Amino acid sequence: MPLLIGMRTFKTALACGLAVVVGYTINSPYPPFLAIGALGCMDSSITASLRSARDMIFGNLVGAILAMIFTVAFTGHYALGCFIGVIIMITVCNLMHMKPGITSLACVVFCCCLKDIPATGNVIYGLLRFRDTAIGTGIALAVNMFIRPYSGANHTKKGIIRAQQAMLPLLEERVLRGRIPDLRDLRNKMNDLDHNINILLDERMNKSLKKSEVAHLRGCQQLSWKMRDALISICSIDTTPSPSPENLARMQALGMKSQRQNKDNILAGVCDENDTIVFNYYLKIFLDSNDYLTQLIDL
């Protein structure tokens with residue numbers, strides 16, 4: 001598997017590097033705190049980054065203030081202070097619905113400040129460390145906003161096409177070969193697609209991402225959902241109905257071919273009439289949705 005360094009990885013590393021440089025420039029006694037701040041808000045979109053920056057600043061502020069209080073309340077009992085303080089930190093961050101990564105970084109700030117405040121003899125040391133993490137957060141936010149902000153439209157379009165293409169051999173396996181295909185890979189593709197679409201729908205700050213483009217991709221995604229649901233319904237039928245001549249011709253036009261096994265043609269299978277009706281109903285929905293999606297995706 002080739003080693004790929006994505007733009008998000010590059011921007012995260014750049015933000016950390018810049019944060020450390022700024023830390024040395026302002027004579028921060030502990031420049032890595034700026035890098036900690038930068039790590040927390042490099043998200044998949046500008047809107048998500050702003051939300052993460054807000055949570056990061058709040059979490060670090062709580063951690064710094066709590067460390068200042070615990071320095072007095074638990075003098076000489078660092079382990080006990082960490083134990084109680086981390087419980088409080090996680091509880092507060094969970095109440096604010098923060099991401100686990102941001103919660104962890106806020107706890108790191110708390111633990112570091114709790115240890116370093118007595119060593120420095122400066123009670124406001126916690127606020128100085130909060131200042132550093134806030135600066136780092138601002139640097140990461142600026143990097144994410146001004147260096148190739150994530151659009152994701154082309155990536156999402158390719159994901160829709162991949163999901164569509166993945167469903168065709170699964171349909172062939174079920175309808176023309178009488179086997180029940182494994183749908184786990186398809187489920188993973190659809191989950192990734194849903195995640196990418198949700199990122200686009202949530203984006204409010206990226207002016208390069210047009211609302212009409214997101215709406216178009218959303219419509220294509222809904223057609224892929226319809227294909228998936230029809231495929232699941234077809235696979236749920238525990239007999240082997242035959243496709244109607246019309247549906248069979250449409251499948252063959254898509255390059256699907258039946259196979260004979262032990263001189264028995266799966267297309268000649270005998271089953272309940274109702275199963276055949278339901279089978280062909282969902283098969284037609286799948287084929288219609290596939291045709292519509294093929295036409296719509298390139299508009």
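Buried denotes a relative accessible area under 20%, exposed one over 50%, and partly exposed one in between, with a 1.4 Å probe and protein chains only. The model is predicted: local features need pLDDT of at least 70, side-chain atom pairs count only at pLDDT 80 or more, and totals for chains, interfaces and linings use all residues. Residue numbers start from 1 along each chain as its sequence is written, and side-chain values use heavy atoms, with hydrogens and water left out.

**View 1. Salt bridge between Arg184 and Asp182.** A salt bridge is a side-chain nitrogen of Lys or Arg within 4 Å of a carboxyl oxygen of Asp or Glu. The closest N and O atoms of Arg184 and Asp182 lie 2.6 Å apart. Asp182 has 45% relative accessibility and counts as partly exposed, while Arg184, at 52%, counts as exposed. The search of the whole structure finds 15 salt bridges.

**View 2. Salt bridge between Arg54 and Asp55.** Here the closest N and O atoms are 3.1 Å apart. Arg54 is exposed at 51% relative accessibility, whereas Asp55 is buried, its relative accessible area being 7%.

View 3. Helices (H or I, at least four residues) are DSSP runs, as are strands (E, at least two), and are numbered from the N terminus. Lys284 is partly exposed at 38% relative accessible area, and Asp288 is buried at 17%. Elsewhere, salt bridges that share partners join Glu172, Glu173, Arg177 and Arg179 into one network.

**View 4. Crossing of helices H9 and H11.** The axes, lines fitted to C-alpha atoms (for helices over the stretch in contact), have angles from 0 to 180 degrees between N-to-C directions. Those of H9 (residues 211-236) and H11 come within 9 Å and cross at roughly 160 degrees. H9 is therefore roughly antiparallel to H11, a term for angles over 145 degrees.

**View 5. Residues in contact between H9 and H11.** Contact means heavy atoms within 4.5 Å. Among the H9 residues are Gly219, Leu223, Met227 and Ile234, and among those they meet in H11 are Phe279, Phe286, Leu293 and Ile297. By class, the contact has 15 nonpolar, 6 polar and 1 charged residues. Nonpolar covers Ala, Val, Leu, Ile, Met, Phe, Trp, Tyr, Cys and Pro; charged covers Asp, Glu, Lys and Arg; the others, Gly among them, are polar.

Terms used
Parallel < 35°, antiparallel > 145°, perpendicular 65-115°, else oblique.
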